[in-house]
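Hi,

Here is the structure I promised to pass on to you. Have a look at it first, and my notes follow below.

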Amino acid sequence: MKKTIVLSTVLSITLFATQGDNLIGAGTKSRALAGAASSTYLGVESIFINPALLTKASKSEFSIGTTLFMPTVTAKNNNASGEVAKSKSDFEVIPYLGYVKYIDDKSSFGVGLFSVSGMGVDYSDEPAQKGLAGMKTHLIYAKLSTVYARSFEKLSLGGGIDISYGNLEMHMINQYDGTDLGSDGDSHIGIGYHLGAYYEFNENIDFALTYNSEVKMKYKRVFDFNFDGIKDDLTLTQPAEAGIGVAYDLDSLRFEADYKRIFWSKAYGYKDFQWDDQNVISFGATWNYNEKWTFRGGYSYAKSPLHNKEYKDGIVEGFPFKSQQIAFFNLVGFPAITQTHYGIGASYKVDNAIQINAAYVYAPKVTESFAGIEASNRQSSFSFGLDYRY
């Protein structure tokens, strides 16, 4: 039996330039670098990426920004009419903000609110003959992070607590009786942590290590998985991540290479839907053109956790699911299939206090299919930010 999920939220976000359903970067500057920023201090954005870098702050800073995200997502079911349907979720506005408090030459404190992951599609107006069961999905996962960093000569260490907010709304149109198997959704607050280390090997080379803990989120009475008329809970754990980075300075240029592993296969919910772990490789370059202008560019690749999947029959929240049902949930409702991202951006320093940032990220179209179910995903986004240092 085909099923439909709807994931909805108070804070809108939909498949934003993602690795799995994780966002690329944590703000305008890191998105211009396609996420390659674990060894490069980017002000407020480093709160979430690598808190150890806050020891590089020379002033206190407040930052605010937003992203205009424009995905193009389609799906078709060749077991039905085989007609292509385009998701109506094609524009989102995603804000972020944060504050870094410079304490002294060895330590700093930071607090930031960042959207971390999310996904969504909307096929609710598509006719039943297309076989998409009115699929509409929307998920939000955001973190309020509070961190502290301190340097010890060449080594800096940082870490903090993350208060995570998730919102999940699930609906499904039962093709046999037309009833809605979903509900108005539920939200959950979870607690986690993240750590970072930064080492200045010499005046040209820097190294970084990062770790984000998993955060278990449980959404209550969101979906009737076994069709008994009672809404069931769904546990959806945000997976742990571990990364390493290296940066090299050459006059006015800075190059960075990052590697990160995301443990989807160990996370509740994602594990049930048979997501694979991801190895994320990112490269970024920063050019300090003059005292006013800084230019950035980046490239990131991570094989999708759903790439060329041979789905098997499994268990979701304790209930048996056929392989084609799991594929339908993933490819139509959760098409986290983008793999390559290109970023470009610039910063303009208005004066010693104010800096304006802009970035553009593009993810080329990717298509995945299984047993007659097919989905494609192409993404682009513009980000804008303002930094105020004092």
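D277 counts as buried, at 16% relative accessibility (buried means under 20% relative accessible area, exposed over 50%, partly exposed in between, with a 1.4 Å probe and protein chains only). The side chain of D277 meets that of R261 in a salt bridge, 3.2 Å from N to O; the term stands for a side-chain nitrogen of Lys or Arg within 4 Å of a carboxyl oxygen of Asp or Glu. R261 sits in strand β14 and D277 in the loop between β14 and β15, 16 residues apart. Strands here are DSSP runs (E, at least two residues), numbered from the N terminus. R261 is partly exposed, at 27%.

Before going on: this is a predicted model, where local features need pLDDT of at least 70 and side-chain atom pairs count only at pLDDT 80 or more, while totals for chains, interfaces and linings use all residues. Residues are numbered from 1 along each chain as its sequence is written, and side-chain values use heavy atoms, with hydrogens and water left out.

D276 forms a salt bridge with K309, with 3.2 Å between the closest N and O atoms. D276 lies in the loop between β14 and β15 and K309 in the loop between β16 (293-301) and β17 (314-316), so this pair ties together parts 33 residues apart in sequence. K309 is buried, at 13%, whereas D276 is partly exposed, at 33%.

Q274 is found in the loop between β14 (253-262) and β15 (278-288) too, and is buried at 15%.

In total, the structure holds 15 salt bridges. K29, E61, D387 and R389 are linked in a network of them.

Best wishes

Definitions and conventions: Helix = DSSP H or I, 4+ residues; strand = E, 2+ residues; numbered from the N terminus.
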